[in-house]
Amino acid sequence: MGMRANPIRFTLVPALALGAAGVAVAQSFGDVDPGVGWVLGINLGTYPTWWIDKRQAKRSGFRVPEWTLHLLSMVGGGPAAVLAMRTLRHKTRKRVFQILHPLLAALNVAALGWWLMQ
């Protein structure tokens, strides 16, 4: 089964796996907070997911479902999503992306700050 048949398996699952790997790496160092590991990992997985969607949009190939892009932003990948929107010039015309993703990025940063203050 290829990427066209199941884009979620090739985009969302690896991004979430990178988030989990970030937690594992943070815990292996002992003094790094797992929340920081999650945020770094999920952002490292979010940007390539947006890049894949942009590339496929240019090629008229399969597309990453929009809810996948939203979900990645909601679980901590907001900063990478906003960076991808700006650098890749992707999803910049859709109002929901213009408003939601910068808001989610701000909430992600605030949540991480709150997490670290605890």
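Helix α2 has 26 residues, which at 1.5 Å a residue should span 38 Å, and its end C-alpha atoms are 38 Å apart, in agreement with that value. The model described here is a predicted one. At the N-terminal end, α2 is capped by Asp-33, which places a side-chain oxygen 2.7 Å from the backbone nitrogen of Gly-35. After α2 comes Ser-60, with a positive phi near 60°.

**Helix α4 and its packing**

Helix α4 is built from 23 residues. From its first C-alpha to its last it reaches 33 Å, close to the 33 Å expected at 1.5 Å a residue. Its buried residues are Phe-97, His-101, Leu-104, Ala-105 and Asn-108. These buried residues pack against α2 and against α3, which covers 66-88.

**The aromatic pair**

The model contains one aromatic pair. The ring centres of Trp-50 and Phe-97 are 5.8 Å apart and the ring planes stand at 90°, so the pair is edge-to-face. Trp-50 belongs to helix α2 and Phe-97 to helix α4 (residues 95-117), so the pair ties together parts that are 47 residues apart in sequence. Trp-50 is buried, its relative accessible area being 0%. Phe-97 also counts as buried, at 0% relative accessibility.

**Salt bridges**

Side chains of opposite charge can pair when their charged atoms come close. The count of salt bridges in this model is three.

| Asp-53 | Arg-63 | 2.8 Å |

In the salt bridge between Asp-53 and Arg-63, the closest N and O atoms are 2.8 Å apart. Asp-53 sits in helix α2 and Arg-63 in the loop between α2 and α3, so this pair ties together parts that are 10 residues apart in sequence. The two partners fall into separate accessibility classes: Asp-53 is buried at 0% relative accessibility, and Arg-63 is partly exposed at 35%.

Glu-66 is in helix α3 and Lys-91 is in the loop between α3 and α4, so the pair ties together parts that are 25 residues apart in sequence. The relative accessible area of Glu-66 is 27%, which makes this residue partly exposed. For Lys-91 the value is 12%, and Lys-91 is buried.

Lys-94 is partly exposed, with a relative accessible area of 38%. Through shared partners, the salt bridges join Glu-66, Lys-91 and Lys-94 into one network.

**Lys-54: a buried lysine without a salt bridge**

Lys-54 is located in helix α2, which runs over residues 34-59. Lys-54 is buried but has no salt bridge. The nearest side chain of opposite charge is that of Asp-53, 9.0 Å away. Asp-53 is instead paired with Arg-63.

What lies 3.1 Å from a polar atom of the side chain of Lys-54? It is the backbone oxygen of Arg-89. Leaving out residues up to four places away in sequence, Lys-54 touches Leu-88, Arg-89 and His-90.

**Ala-84 and the facing part of helix α3**

Ala-84 is found in helix α3 and counts as buried, at 0% relative accessibility. Apart from neighbours within four places in sequence, Ala-84 is in contact with Tyr-47, Trp-50, Arg-89 and His-90. Of these, Arg-89 and His-90 are also touched by Lys-54, and Trp-50 is a member of the aromatic pair with Phe-97.

Technical notes:
Residues numbered from 1 in each chain as written. Predicted model: local features only at pLDDT ≥ 70, side-chain atom pairs only at ≥ 80, totals over all residues. Heavy atoms only, no water. Helix = DSSP H or I, 4+ residues; strand = E, 2+ residues; numbered from the N terminus. Buried < 20%, exposed > 50% of the residue type's maximum accessible area, 1.4 Å probe, protein only. Lys, Arg positive; Asp, Glu negative; His and termini not counted. Salt bridge = Lys/Arg side-chain N within 4 Å of Asp/Glu carboxyl O. Polar contact = N/O pair within 3.5 Å; in protein donor to acceptor, adjacent residues only side chain to side chain. Contact = heavy atoms within 4.5 Å. Phe/Tyr/Trp six-rings, centres within 6.5 Å; stacked < 30°, edge-to-face > 60°. Expected span 1.5 Å × (residues − 1).
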